[in-house]
Amino acid sequence: MKTLPERPVPLLLLTGTFIGLGFPLGKVAAQAGVSPVLWAALLSLGAFLFSAGIMVFQAAAGRGSGLGEIRFCRQALFYAAGAGLISFVVPNLLLFAAIPHVGAGYMGLMFALSPVCTAVLALMNGFALPPRLERIGIVTGLLGAVVIALSRMIAETGSPDVLWLLLAFLVPCSLAAGNVFRSRFWPAEAKPDQLALGSHGFALLAFSVILFLQGDPGNFQLLKNVPYATGLQLFCAGLTFAFFFRLQRVGGPVLLSQIGYVAAGTGLLISTVFLGESYPVLTWTGAGIVALGVVFTLRSRWEEGKLSHRFRQQ
């Protein structure tokens, strides 16, 4: 008996939804003055604790040996360090550094490039080409995300420096590299919760070093000002990456990269309903196009049936 779903379609929806729930929580934390690096570390902490909890639960239920299953071999350590650095540390640091200089709209456009960059990088590394309908879904979702980004860029002023634009472009490249890395170097016999534990353990260590070098211990006290957001973020992060690594295993890097489309729509809806934000018609038009792209992808996966390793390396 499985404790979590193992099919691509529900995993895509669940992962994207929980990531989208984290966007408004991050805004609440930022308004309270919480450091973006600290908030990113909180995500890894939630994923680390939740993964450890799942493994302990499985051991208690007789479905595994729990934390005792972890093997600290060279391949596992290489995977944890690579996935933690490429997937979770580098993109967050680039994001936090670039947003003040290029604006949220431009960064939204950069995130929209992640599925395309992932598809290209996956093909270069010998992964199978996605089905035709899913390719249409990727392009449609990209078009919708571009419309959303343009609607936000219209309201932003100033011409960012070329260097910051190039650094911002490294975000989708890093995300794509992480998506492909996690599939290509997935250790034999390793389980999703083990890899989530190791990857976020490494990321948490890296973020802790950065926070120590920043030398602002008082920032931790600000979490007391947003206790509900902090608790929800820990919970959402834990569920997110429990689903995330399962989606990586059964769906592959290209399908996984499309969680950003689902997350964008979820974040937009939650921010409107619970934070009182308002968006122009152009933004909602883009959200509708994104939703259509997701529908194409889900329909493609539904038609393909149970192809757990469709995008695994040939």
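Predicted model: local features only at pLDDT ≥ 70, side-chain atom pairs only at ≥ 80, totals over all residues.
Which residues of H2 and H3 meet? From H2 come Pro 36, Val 37 and Ala 40. From H3 come Asn 92, Leu 93 and Phe 96.

Stay with H3, which spans residues 74-102. Phe 78 lies in this helix. The ring of Phe 78 pairs with the ring of Phe 185. Their centres are 5.4 Å apart. Their planes stand at 80 degrees, so the pair is edge-to-face. Phe 185 sits in the loop between H7 (162-184) and H8 (192-214). The pair therefore ties together parts that are 107 residues apart in sequence.

Next comes Phe 244, which forms an aromatic pair with Phe 245. This pair is edge-to-face, with 5.5 Å from centre to centre and 65 degrees between the planes. Both Phe 244 and Phe 245 are buried. The count for the model comes to 12 aromatic pairs.

Phe 245 also takes part in a helix contact, between H8 and H9. The axes of H8 and H9 come within 9 Å. They cross at roughly 120 degrees, and the crossing is right-handed. On the H9 side, Phe 241, Phe 245, Arg 246 and Arg 249 make the contact. On the H8 side, the residues are Pro 192, Asp 193, Leu 195, Ala 196, Ser 199 and His 200.

H9 (227-257) leads on to H11, whose buried residues pack against it. H11 runs over residues 281-304 and has 24 residues. From first C-alpha to last, H11 reaches 35 Å, close to the 34 Å expected at 1.5 Å a residue. Which residues of H11 are buried? Among them are Gly 286, Ala 287, Val 290, Gly 293, Val 294 and Leu 298. Thr 283, Thr 297, Ser 300 and Arg 301 are buried as well. Besides H9, the buried residues of H11 pack against H1 (8-31), H6 (132-153) and H10 (259-274).

Conventions. Residues numbered from 1 in each chain as written. Heavy atoms only, no water. Phe/Tyr/Trp six-rings, centres within 6.5 Å; stacked < 30°, edge-to-face > 60°. Helix = DSSP H or I, 4+ residues; strand = E, 2+ residues; numbered from the N terminus. Buried < 20%, exposed > 50% of the residue type's maximum accessible area, 1.4 Å probe, protein only. Expected span 1.5 Å × (residues − 1). Contact = heavy atoms within 4.5 Å. Axes fitted to C-alpha atoms, helices over the stretch in contact; angles between N-to-C directions. Left-handed = near helix turned anticlockwise from the far one by under 90°.
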